[in-house]
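Here is a friendly briefing to read alongside the model. Keep the viewer open and follow the topics in turn.

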Amino acid sequence: MRNLACLLLLMLIVVAGVNAAHAESPQPGGPRLGADQYLQGDFVMERHLAGFEKPLTSRGHFVVAPASGLLWQTQEPFAGTTILTPSGIDRLDAGGARSHVASGDQFAAIARLIADMLAGDIAALKDGFAISTRQQEGGRWSAVLTPASGNPVAAAVSQLEAEGGQFVSQVKVGRPGGDFDLIALENQSVAALPLPDEAAQFLGKGSN
Amino acid sequence: MRAFLWCALLLAVLAATVWRLETGTGSFSGDFLSLVGAEASPQSGGADDVEAARHIVAQDAGRAIFLLSGKDRGVVTTAAGDLAQKLLALPGTAGVTSPANQQERLGKLMALYGLYEPGLLAEKDRQALMQGKGEALYQRALQTLFSPEMPVSARSLAADPFFLLPPFLLELAEKAGGGSGIVEKDGLFHAPVYVALRDGTGLAAGQWVSGVSQILAGLDLPDGVSLRRTGQVFFSQAQQVSARLDVQRIGLWASLAIVAMFLLVFRSWVPLLLGLLTVGSGVLAGFASVLFCFSSVHVIALVFGTSLIGMAVDYALHLATVPLPGGDGQARLRRILPGLLLGLVTSVAGFAALAITPAVLLFQIAVFSATGLIAAFLTVFFVGPVLPQRPVRPFWLAAPALAAVERFYERLRLGRRARIAALLVMIAAAALAVMLVRGDDDIRRLGRVDPDLRDEAATISNVLSLGARPFVIRVSGASAEQRLEREEELRAKLAPLIVEGALQGLLSPADFIPSLRRQQQDRALALQALYGPYGDKLAQNLPVPVNGPASAGLAFDGAVRAALPELAALAYDDGSDLVQLRGVSDVARVEAVVRQADYARLIDPVEMISRQLGDYRHKAGFALALTALAALAIATWRYGWFTGLCVCAAPCGAVLAALLGSLLLGVPSNLFTTMALVLVFGVGADYVLFIAESRGVTEGHGTSLAVFLCLLSSLFGFGLLATSSVPLVSDIGSVIALGLVAAWLLAPLMARDTARGGEG
């Protein structure tokens, strides 16, 4: 499920950004998002397809908790929710009907990477990606992750580019063939668990 | 001169045999299944079913499963990934599938199926469209379009704008039993690691299992994580090791005992040398004859053939025990020649009876044994007289014991009436045997099952819902397309059983590649119920046009087979496919459904192979009966009808004693114990013929001693097998030990008291 890997990589970037925000030096792998915390914010995702000028644009809200997973709630142009947990991916349609999309074990390796990342273990990412980071003025930073040879994610993702300051502000997911997703993250905040009820009903309370 | 020529001929045969082995034009075969069912079966479809069963068992032999279990999903998964890497690097491993490397696999599937999405509908999508619920699929497509986890491209959108392929693949994974996914059960996470071996048999398998043992010994599992393994390769290797250790132990003691016996009785190496030359030449000739007839000598034929030829040491013993005063080597030979010839003809007739059965395995044993026995006889005939002649000179401790045995043996004589009574007793025993003895051909009872492996297998089977036995359905059809259509029909018939729990699941080639008819139907359905009503609406949200599905179907061709290695186990020949059943808990119901389809046959490989062994057992029993008839004819010709009948009854009585005795001991009647009875008959016939030929002449004492030494050597060689921990080996040993003692006792009782001709 390399598509799932994309989403989890996105989570990695986001969480790495949080870690960077909490660090004195904004390098991925700094002080981590605590196991008793979660991150939430808004997103705008532009899906750029080669040969077409106008991207597919969606907006919504997300919640990520290290031990529980990610809630990706699209509000425009169509309402829908994606729930990603260590045991799999589910979707809720506009009517609230839930459907199982994939088994979680197929991206367990990526989920493991998330755990490593949350633990501040940058070496876990280095095993599968070539990473270059750059420090910018005003506490801003950027990072480029290129899947290493043999990483199955490479079939779906050619490159990941992320930038931010206190939080990750933008992620570009490049795909083979020239297509890419551009995801802007806004209004982010870190809060202590438990998760709010709306998220908790899908992710649990947020703890192990 | 004749001895020299014979030895030169044997050396030439040896050279030719070595050359044939070295050049690869001849070989050993250790694959038992390669001989089972190799002959054509008269039953319609029977041969194909056996072939299918062999295919399945061979596939099983090439697979192993490891299961890591623990409370932490991530830890278990990582441990499985580490183990998978180590196993992949192990020589002999063809491939490893673990939860960690499924992404790569999925990528390959996407590449294969990418252009055919509209013709590949998941069952639940098909049902939704047939029920007019296209709206739900349209809404799902919109949501997927904006879901971050879905890597959408212009190309994939153009090919599959309604995202119909992912559900198809998800359903395929479910049909395959969850693939290699994590299983959560009883509060634990279980990560299976599936390993495909390059060769699951013979030496390669042994080396692979040794490699696995080293890996496991050096594995540093995280706290709380346990590891189990299963696979036919582990069971067979454990069994082989156990059997080899037993045979080595028994072989060592038997060899020492036989050598000690020769030295104690003759105080010379010459009789021992003659014995070795006799058996060695027999084994060489038998082996060479099979090698040149079949190009491959099966290990079972080698083992049984060598065992049967082992009786040829009796020829050497008889020559060596003839009293020396009164003649040289040639004179010795002349005195025993009639008995040797009669014994040889009887034994060869018995083995020839084995050869007329259509079973390749029995035919190989027959050729091996008959040729070998003739060669052994010729060695005694040509070489025995020219070797230095040594008298029987037992050590002082052995001398009185042997004399006592001889005296006892000489007293074992029955008058005519007593022999008639004995014949009646044997007839009654035969009737009793027919009533009581029942065949037990279950192949699973032949080996010694390691209890740890058995427990691990049970746990893995329970966790992964594998079911106890690998049932399959063989689906016949004139073309690949017809078979795929039939498999789809069969799945529909069996679907209710899955719902009701009589069957966990099934997997067929049609699950990977639907029939072209099904693909056309699905394409038409998608066009009518999805693209038609919702295509334009979806197109308003897409940067690409939504066209109806137009691609040709995905055909079941060589490219597909190459991309889907799973099909190697399922589509195994040009005339039939296999449907693998998982977790069969109600065989009768499955069988009832399968019986409704004339193109399908339910196959239980274990039962099928056991039945085949039962067929061989019957054939071996039939051959044994023919042998008895041949022996009766020879004995009647030689001794007249009554004495001939009595002489023939001696080995028959030994066989009955072995049969009923083994019944009392709980030894099953199967192909291998029946073959042991063939040996008992052959040896028993030798005993009684030697005794019958010697009665009434002055050298009778030598024969009594010879027969006793023959018994001792046979008991050392075969009887010790009864102490083996492997059921198959100990069963053979028990039957032979019982039979030989009975044959030894019956020979003097049933042989007449005069030299030849007329009534005794």
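Helix 25 covers residues 605-639 of chain B; at 1.5 Å a residue its 35 residues should span 51 Å, and its end C-alpha atoms are 50 Å apart, which agrees. The expected span is 1.5 Å times one less than the number of residues. Helices (H or I, at least four residues) and strands (E, at least two) are DSSP runs, numbered from the N terminus.

This is a predicted model: local features need pLDDT of at least 70, side-chain atom pairs count only at pLDDT 80 or more, and totals for chains, interfaces and linings use all residues. Residues are numbered from 1 along each chain as its sequence is written, chains are lettered from A and ligands numbered from 1 in the order in which they are written, and side-chain values use heavy atoms, leaving out hydrogens and water.

**Helix 5 of chain B**

- In helix 5 (residues 123-130) of chain B, the buried residues (under 20% relative accessible area, with exposed over 50% and partly exposed in between; 1.4 Å probe, protein chains only) are Asp125(B), Arg126(B), Ala128(B) and Leu129(B).
- Those buried residues fall within an arc of 160 degrees when seen down the axis of helix 5 of chain B, so they line one face of the helix; the arc is that of the directions from the helix axis to the C-beta atoms.
- Their cover includes helix 6 (134-145), helix 8 (165-175) and helix 21 (516-539) of chain B, where contact means heavy atoms within 4.5 Å.
- Gly132(B) follows helix 5 of chain B and has a positive phi, near 75 degrees.

**Strand pairing in chain A**

- Strand 1 (residues 37-48) of chain A pairs with strand 11 (residues 180-192) of chain A in the antiparallel sense over 11 bridges; two strands pair if DSSP finds at least two bridges between them.
- Across that pairing, Arg47(A) stands opposite Asp181(A) in strand 11 of chain A.
- Strand 1 of chain A also pairs with strand 2 (residues 56-65) of chain A, antiparallel over 9 bridges, and Gly41(A) stands opposite Phe62(A) in strand 2 of chain A.

**An open sheet in chain B**

- Four strands of chain B form an open sheet in the order 9-10-8-11, with antiparallel pairing.
- Strand 9 (503-507) and strand 11 (600-603) of chain B are at the edges, each with a single partner strand, so one side of each is left without a neighbour in the sheet.
- Strand 8 (residues 472-476) of chain B pairs with strand 11 of chain B over 4 bridges, and Val475(B) has Ala600(B) as its bridge partner.
- Ser508(B) sits in the loop between strand 9 and helix 20 (509-512) of chain B, and is buried with a relative accessible area of 2%.
- Ser508(B) touches Glu487(B), Leu570(B), Leu578(B) and Val579(B), not counting residues up to four places away in sequence.

**Aromatic pairs**

- The whole structure holds 16 aromatic pairs over all chains; rings of Phe, Tyr and Trp (its six-membered ring) pair if their centres lie within 6.5 Å, with planes under 30 degrees apart counted as stacked, over 60 as edge-to-face and the rest as tilted.
- Phe66(B) and Phe234(B) have ring centres 5.8 Å apart and planes at 85 degrees, so the pair is edge-to-face.
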